[in-house]
Each structure stands twice: as structure tokens, then as C-alpha cells.
Number of protein chains: 2
Amino acid sequence: MRLLVIGGVAAGLSAAARARRIDPSLEIAVLEKGAAISYGACGLPYYLEGRVPRAEQLIVYTPEYFRKERNIAVRTGARVVSISHPRREVTIEGGERMHYDRLIIATGARPRNVDFESAALPHVFTLHTLDDAERLKAYLRDKRPKQAVVIGAGYIGLEMADALRRNGLAVTVIERGGHVLGRADAELTKAVRERLERFRVELQLNTHISDVTRYDLAILATGLQPNVEIAAEAGVEVGRTGAIRVDDRMETNLPGVFAAGDCAEALHLVTGRPAYIPLGTTANKMGRVAGANASGRRERFGGVVGTAILNVFGLGVAFSGLSVDQARREGFSPVAARITARSRPGYFDGKPLTVELVADAGTRRLLGGSVWGEDGAEGRINVIATALHNRMRVEDLEQLDLAYAPPFATVWDSVLVAAQQLSKMV
Amino acid sequence: MRLLVIGGVAAGLSAAARARRIDPSLEIAVLEKGAAISYGACGLPYYLEGRVPRAEQLIVYTPEYFRKERNIAVRTGARVVSISHPRREVTIEGGERMHYDRLIIATGARPRNVDFESAALPHVFTLHTLDDAERLKAYLRDKRPKQAVVIGAGYIGLEMADALRRNGLAVTVIERGGHVLGRADAELTKAVRERLERFRVELQLNTHISDVTRYDLAILATGLQPNVEIAAEAGVEVGRTGAIRVDDRMETNLPGVFAAGDCAEALHLVTGRPAYIPLGTTANKMGRVAGANASGRRERFGGVVGTAILNVFGLGVAFSGLSVDQARREGFSPVAARITARSRPGYFDGKPLTVELVADAGTRRLLGGSVWGEDGAEGRINVIATALHNRMRVEDLEQLDLAYAPPFATVWDSVLVAAQQLSKMV
């Protein structure tokens, strides 16, 4: 009985490791197209920034580790070019074929840079894989670029603007849309713009750029698209989001074929519908569930609430659930309250923390929240995320028994203050 | 129609302010026995430490503010000595009587120092009110004590040990029981002991002290007892915890008489039974609900899960819900998993964070958790608290969509790691 896993980063390796733990007798092989496996892709901006001095520090496990310690065969540089499910085999670039009994597709995603004409120029980079980061790092070292443009004001774009600026480059961020981070939120955009400008990073919204020849360095950060092609060609169903459709066991429409990670959809617990939100945390969770089910257990993946966080020059910006705009598009009647309070008392160096909560006017159910500030954004968004998982209503949220002592918080935590405010409105 | 509130600190003033917002025509009077109202009692250790330079900085509102801005009559130095509910009046020390239509009892608590013979000595202090803090501050300034003993290793005791040590005193903490913080948890006691010893504070457990004459300063910090006497004499029912029994509207057995704050019980959502956990956060929430119901609204207080946090020389220690020991006593079949992970990646200065989760073996329901570490305890305990409010089960907890980016957390947050561990055990 052979479990074959395509992809050796977050989802693929979580799946393989979990399957091994459940079934010591299973034959498990992982095929990874890149040169490295098991690296923390979210750490790549900090490798470029210099905070992580060596790329190896981002690598959690090596192929040798998996071979020796877990009895999992890992091959790098092995790109799967097709899947034949009737024959239960995959074909690797070069022609080699490999049989499977169970298959886990964890092919990940790639930067979405359709319609960008200059993508092939030597000073234009994306940042998605460890290879990307190594090439960019070498370019920074060898060419010493001075003027950088970052195209896209999403997570990667803003993190890269920060990393490059801290390397001394002049940085301009260019975004086609009217907001940062893909959220139609003028106040958030203003807060991020102020932070960027304080560090002399220019932000141009509603701007389309096609010619990047006047910059020494261009970073394409316009989002991700799932790697679904070989799966789709093999008859694996792709959902409306463009990612692979899975059930709550991470199984695709083909029995015995599972998908997990950045190539797959996940159930969004607020909307109740599949969503495509490629993130490392979700990939790991999905991978574990896929690995369990592919090795004979029955487990389900509960779904996501769309939690994310990033740091922009010391400003923590976090979301969970739906924005007002998203909620409206999903058919809710959103009402929102936004407050700014201190993360802790002034005498414990508390910083302003902005918390927005969104609820449905009809049901009083919490739909989402966003938080930003120099201190404490992560703790507050996690409370909101946990509340969303549990479909909490506003009046219950405002009574949460959260921790208080002056070194950590204010007596009315900012989440509670926002909930009180919202409670008057729904 | 007059609403009378006995007590002008957290619960009393929250109640009065809320009632005013709901009913602008209500006559509202607050009687406070002390000299100051509306102070952040949890900040008192930091006033003594010196981080808060002036006591006034802990005072949120003055009587004048309430009078002018809220049309609430606040009298300080007005100690209520009896309540006559048949006549709907209270008697103030000195003999003055005051009528009420609705009454809110927010008489708070006092240090529990029964059976301590030396309590009346001039170098023996408690720390509960602003007056206490001012007297102790003056003593530190005028007498320059060198050797301090803190009796009781609960929250106040440990915070005071920290504050006094930072003032240069030699500090010994003496605890009658075998553990710190009232939790039968050897590992927690060990972690706190190590932290105290690193700062050269001595901890003596299982020790009874009666003679404190060999110290220059003694702090009694052996817990709180609710101020229920005048209420009980008036026929207000006291629960098994010794605090005033209230329903979920904060009403006592006497119609129109409410109680809130450190004198009252609160429903514990994990046990489903009334508990006595006097804390400022709960007092404020109870006060709001009492104020709403006393002014004609119908609101309910959901209850508490027993969340608390404190800082001991830079170590954050937090709890929510039940410990293994408490769970067993409540009739559950507790199973616990404890892990130590990093608060964030090492390259973002992550610190070890210990997380224990307790669940019921039969139902897999989360019953409680404890967290300690130099970084991130507050965020994790709040996730646990929110999970407890929602009666989450372990398998749902481990799938929480928590925020991840390297500056804030690890890809598997320590709460999720602990939940995974626990999931294998229940």
C-alpha cells in the first residue's frame, strides 16, 4: 500500500508525517519539484531583510531526516507532470512513472503574474519559494540595487517593502486597486499608508505599471494562484475559486485522491462556502487531516475563518472573518463598530490599538474583525477568530472573561470595548 | 425614583454610569466609604513599585466628574452601616438615613486576615484600597524598611514581592499551602519559584508565620473576603461561597436589590455553579448588568470562566477555567497535556511558553488551561478563555484558525500544539 504525496512543503509534509504516525507499515513517498523541502515560506521576507542570516535556518527538516527518522522517501527535483488515476500512477518530468494507492495533491500555488509583460526581465522577481529568495538575495548582494518597486500591496508586497527598505533601498509600492491588503477599508489603508510614509516608502494606489525599467529591482507580489493543472487534467474537480474542491476529509471527487494546502479550497466557516485563502497555517492543518484520512482514519477539517496577520514596519495588522464589504457581498446585513483604545495602560507602555468588529444586523452574529496597532494585535485577532469559530453573538462577545492585569491589558480589553459599541448598533 | 449604589469603585460606578445612560431621569446616588472613588485597584502594586508616580494617575473619574458630567451624586467617606429593605432605606455611619427605590450593593471585599495575631502592628499592611497603598507608600518613604515578608503567595502577594524587591528590599514570601497561586500544580510552583529566586526573593511553602517582628515590613496577602455583613443582616441571601447570591440579572433574593462586584458570586461557566472570584474585570461587567437591570432594562450576565493573569518579575502567568485538581473536585474526569513551545520564532526573539490544557475524558470538552512565559501568555489565555465560554471540544480547539506570521507566533501556535497533544489523550 503506497501513499504518494505530491509536494514537500507545508501541507505535503504534514500529511506524510501524520500518515506515518498513524500507519507505521504504509509505504510513503513525497515528490517535491524544488530543491528544498519543509521550509517556512513565511520567513522568506526575514531572510531577505537579514534577520534570518542563513536560508538553512528556515528549513525545518531535510529529506535525510524524513528518510531516516520517519521512513518516508522524499525526492527533491521531482516534478510531477501528469496523473493517471485509472492506472493509479503519476509521471515525473523525465518520464519516470510511479504507482500510488492513495494520492495527496499538495502542489501549492504560484505567484499570479498574468498580464505583466516585464515578468521575464532579469531584475524582476517574485517571492514564493526558497529558490526565489536565494536568487533575490544574490541579486541584492551582487547588483546592489538602489531603487525598488513592489507591485501589489498585499501581504507579501508590504512585507517585502519593509524588508527592502530595511536593506537601505528606496521603495515604491504600486497597487492597482484603491486599497491595501485587498480590503475595501479606507481607514486601514490610511493607517498603513502613514506607516509606510513614516519609513519613507511611497504608496501609489489605483495605479497600473507595465514598465519597470526605471527601477533596479521589481518585486511582483500580486497574489497567488493555485497549482491545479495536473490535477484538473486528471479529472480532479476544481471549485469556483479556481482551487481544488475537497470535502471535509480533504478528499477530492476522485476516491483515494486527497488535496491539501495552497492548491485546495477550504470551507469558510463564516460564509459556509468554500474559499481560497492560501496560508501556511491552513496548509499544515489540511495536510494533517489529509494524511490521517489517506492512512485509514476518519477525520474532518473544520474549516477556516480567514485569519491573517502581518507586520508593516512595526505595525501589526490582522484580520479574521469578513470585512463589511465582503459581508455585504455574501448577503449579510453588516454593521460595524471601530474603536481605538490602548493595548495596556500608559504606564506599561500601552500603544493605540484599533479594533473593528463586524456583525450581522439581523442575527447579531459576529462576522469578522480587524485589528491594527504596534502592540497586541495578535492576541486580539485570535480572540475574534475563536469567537468566529463558535458563531458568537455580539452580546456574548462583550462579556468574555478576558485576562486583565496592567502589564498585559486594560480592564476593558479593546475587543470588549468594540463589542460594547457594536452591541448598541445591531 | 432613586437608585442608590453602595460602593464607588469598579462595580458601583459601572452600575451608576450604565443606569444613567439608560435612564436620564433617574435620580442616582453613590455612597463610598473611602476617600477616593473610581480607581484602578489592580494598579496599586505599580504605584508602590514606582512605575505609576502619583496615586492620582490611578483615579479614572472624580466625584466632581460624576456630579457634573453624569448627574450622579457621589459621596465619599459615607459608610453604610445598615439597610432596611422594608422601609427602603439605608443608614449611613453618623445616623443619616437615605431612601432608595432600587439598591445596588457593591460593597466589595476586604483582605482576609483572620487568625493573624500581628495584623494590628504598625509595620503590617494589607494592600486593597488606595488608602492602603498611600499608607504603605508613606511607610516605605519614611521608615526605609530593608527586610520585608509577604504572607501569601497569591496574586497580590507575588505582585507585591515584585514591587518591593524592585524598591531594593530583601523579600521573603511565606505561604501556608504547598503551592503558589492556590493551584495544586507543582510545575507552576517550580516555575514561579525559579523566577523569584532569580531575583533573590525567597519562597517558603508549607509555612505558618505568626511572629513578624523580625521584619521591618509585613504584607498580609492571604486573599479576600466579600463584604456581605450589612446585606446579610438586611435579609440578602449569601451563597455557599460566602458572597452574595445573585441571579443572572444580578438581582438578589430581595426584589429591587442588586449586587455586583467583589461582594457577589458569579456563575462559573465551566462548573455551572456560582463561584467567588473577585476581580476588577468581572466587577465592571457585573456592575454594567446590575445598572442596566436596576434602571429598567433586562440584561443578563453570562458568567465567568475564571480567567486571571499576573506578572512575576517578567514572567506572565495566566489561568482560565479549572486546573486538574479543581476539575476532579467538580466531578469531571480531567486529562491534561502540557507543552513548552516558543512564543514566536527564535529570530523574532521568541521565548519559551508553557501551555497546559485540561479536558474532560468523557466529553472531550475543554475545562481549563494555564499558560506561563515571558512573552505571549495573555494572548494564549484569552483564546483558552474564549474557547471555554463556548464549551469547545479538544478536536475543535486544535483546528482554530489562529493568526500566524513570524513576528507574532509560530506556525503551530502553542495552544494548538497543546490541543493536539491533549487530543491524543482524551
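This is a predicted model: local features need pLDDT of at least 70, side-chain atom pairs count only at pLDDT 80 or more; totals for chains, interfaces and linings use all residues.

1. What surrounds E89(B)? Leaving aside residues up to four places away in sequence, E89(B) touches S82(B), I83(B), S84(B), R97(B), M98(B), H99(B) and Y100(B). One of these, R97(B), also makes a polar contact of 3.5 Å with E89(B), side chain to side chain.

2. Moving to the other chain, chain A has twelve helices and 22 strands. Its radius of gyration is 22 Å, close to the 22 Å that the globule rule gives for 426 residues, so chain A is as compact as a globular protein of that length. Along the principal axes, the C-alpha atoms of chain A fill a box of roughly 60 × 50 × 40 Å.

3. The interior of chain A deserves a word too. Of its 426 residues, 61% are buried. Among contacts in chain A with a separation of 6 or more, 65% are between residues 24 or more positions apart.

4. Now the interface. In chain A, 53 residues are in contact with 53 residues of chain B. The area buried between the two chains is about 4,900 Å², and carbon and sulfur atoms give 61% of that. On the side of chain A, Q399(A), D401(A) and F408(A) lose the most area to chain B, together 16% of what that side buries.

5. How many residue pairs are in polar contact between chain A and chain B? The count is 20, with both residues at pLDDT 80 or more. The elements giving two or more residues to the side of chain A that touches chain B are α8 (280-294), β18 (308-312), α10 (377-389) and α12 (414-423). Of these, α10(A) gives the most, with nine residues. By class, that side of chain A has 28 nonpolar, 18 polar and seven charged residues.

6. Salt bridges also cross the interface, and the rule finds two between chain A and chain B. In one of them, the side chains of E398(A) and R288(B) meet at 3.6 Å, N to O.

7. Over all chains, the count comes to 64 salt bridges. One of them joins the side chains of E96(A) and R75(A) at 2.8 Å, N to O. This pair links distant parts of the chain: E96(A) is in the loop between β5 (89-92) and β6 (97-99), while R75(A) is in strand β3 (residues 73-75), 21 residues apart. E96(A) is partly exposed at 38% relative accessible area, and R75(A) is partly exposed at 33%.

8. Finally, do look at D185(A), E187(A), R338(A) and E356(A), which are linked in a network of salt bridges.

Definitions and conventions: Residues are numbered from 1 along each chain as its sequence is written. Chains are lettered from A and ligands numbered from 1 in the order in which they are written. Side-chain values use heavy atoms; hydrogens and water are left out. Contact means heavy atoms within 4.5 Å. Buried area is the accessible area (1.4 Å probe) that two parts lose on being put together, summed over both. A salt bridge is a side-chain nitrogen of Lys or Arg within 4 Å of a carboxyl oxygen of Asp or Glu. A polar contact is a pair of N or O atoms within 3.5 Å; within protein, one must be able to donate a hydrogen and the other to accept it, and residues adjacent in sequence count only if both atoms are side-chain atoms. Helices (H or I, at least four residues) and strands (E, at least two) are DSSP runs, numbered from the N terminus. Ala, Val, Leu, Ile, Met, Phe, Trp, Tyr, Cys and Pro count as nonpolar, Asp, Glu, Lys and Arg as charged, and the others, Gly among them, as polar. The radius of gyration is taken over C-alpha atoms; the globule rule is 2.2 Å times the number of residues to the power 0.38. Buried means under 20% relative accessible area, exposed over 50%, partly exposed in between (1.4 Å probe, protein chains only).
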